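Biologist: I have not worked with this one before. Can you take me through it, starting from a single residue?

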Amino acid sequence: MTCEDERREAMTARAQDVARASGQGVLRLTALIAVTVTDLEQLETACAELQADASSAGLEIRRVWGAQDDAFSVAALPLGLGLPDRRVGL
């Protein structure tokens, strides 16, 4: 690292410390997106289109290899509503 890089990193760290001390913080938001297709051959095209849209919006998306069942249940089911036969007072 150059001295300039180190100085810039130190300034960033100080600014983050001040923000945290005042009640603000650095956070990373996470959202899950489910891609559904009617034909398996369309899956790669649909994923590529989603990646392109996300990139143009400045978002980073990653596939959930090996945990698709968990990710689908979180991405596809409305949070806080529960399953239809379990809803109370809606």
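Modeller: Asp5 is partly exposed, as its relative accessible area is 28%. Here buried means under 20% relative accessible area, exposed over 50%, and partly exposed in between, with a 1.4 Å probe and protein chains only. Keep in mind that this is a predicted model, where local features need pLDDT of at least 70 and side-chain atom pairs count only at pLDDT 80 or more, while totals for chains, interfaces and linings use all residues. Residues are numbered from 1 along each chain as its sequence is written, and side-chain values use heavy atoms, with hydrogens and water left out.

Biologist: Which side chain does Asp5 meet in a salt bridge?

Modeller: That of Arg8, at 2.7 Å from N to O. A salt bridge is a side-chain nitrogen of Lys or Arg within 4 Å of a carboxyl oxygen of Asp or Glu. Arg8 is partly exposed, at 44% relative accessibility.

Biologist: Where do Asp5 and Arg8 sit relative to each other in the helix?

Modeller: They are three residues apart in helix H1 (residues 3-21), so about one helical turn separates them. Helices are DSSP runs of H or I with at least four residues, strands are runs of E with at least two, and both are numbered from the N terminus. Asp5 and Arg8 also belong to a network of salt bridges that includes Glu4 and Arg7.

Biologist: How many salt bridges are there by this rule?

Modeller: Five. One of them joins the side chains of Glu44 and Arg63, at 3.2 Å from N to O. That pair links distant parts of the chain, with Glu44 in helix H2 and Arg63 in the loop between H2 and H3, 19 residues apart. Arg63 is partly exposed, at 38% relative accessible area.

Biologist: What about Glu60 and Arg62, buried or exposed?

Modeller: Both are exposed. Glu60 and Arg62 form a salt bridge too, and their closest N and O atoms are 3.3 Å apart.

Biologist: Stepping back, how many helices and strands does the chain have?

Modeller: Three helices and zero strands, in the order α-α-α along the sequence. Of the 90 residues, 4% count as buried. The accessible surface is about 8100 Å², with 57% of that belonging to carbon and sulfur atoms. Those areas come from the Shrake-Rupley method with a 1.4 Å probe, and for residues only the protein chains shown count as cover.

Biologist: And pockets? What is the volume of the largest pocket?

Modeller: About 960 Å³. Of its 24 lining residues, Ile33, Ile61, Arg62, Arg63 and Val64 are the closest to the centre. A pocket is an open set of points on a 1 Å grid over the protein atoms alone, where a 1.4 Å probe fits, with protein on both sides within 12 Å along at least five of seven lines; lining residues have an atom within 4 Å of a point. The volume is the space filled by probe spheres set on the points, which are joined across faces, edges and corners.

Biologist: Which helices each supply at least two residues of that lining?

Modeller: Helix H2 (43-56) and helix H3 (68-76).

Biologist: Where is Gln51, and how far is its C-alpha atom from that of Ile61?

Modeller: Gln51 is in helix H2, and it is partly exposed at 33% relative accessibility.
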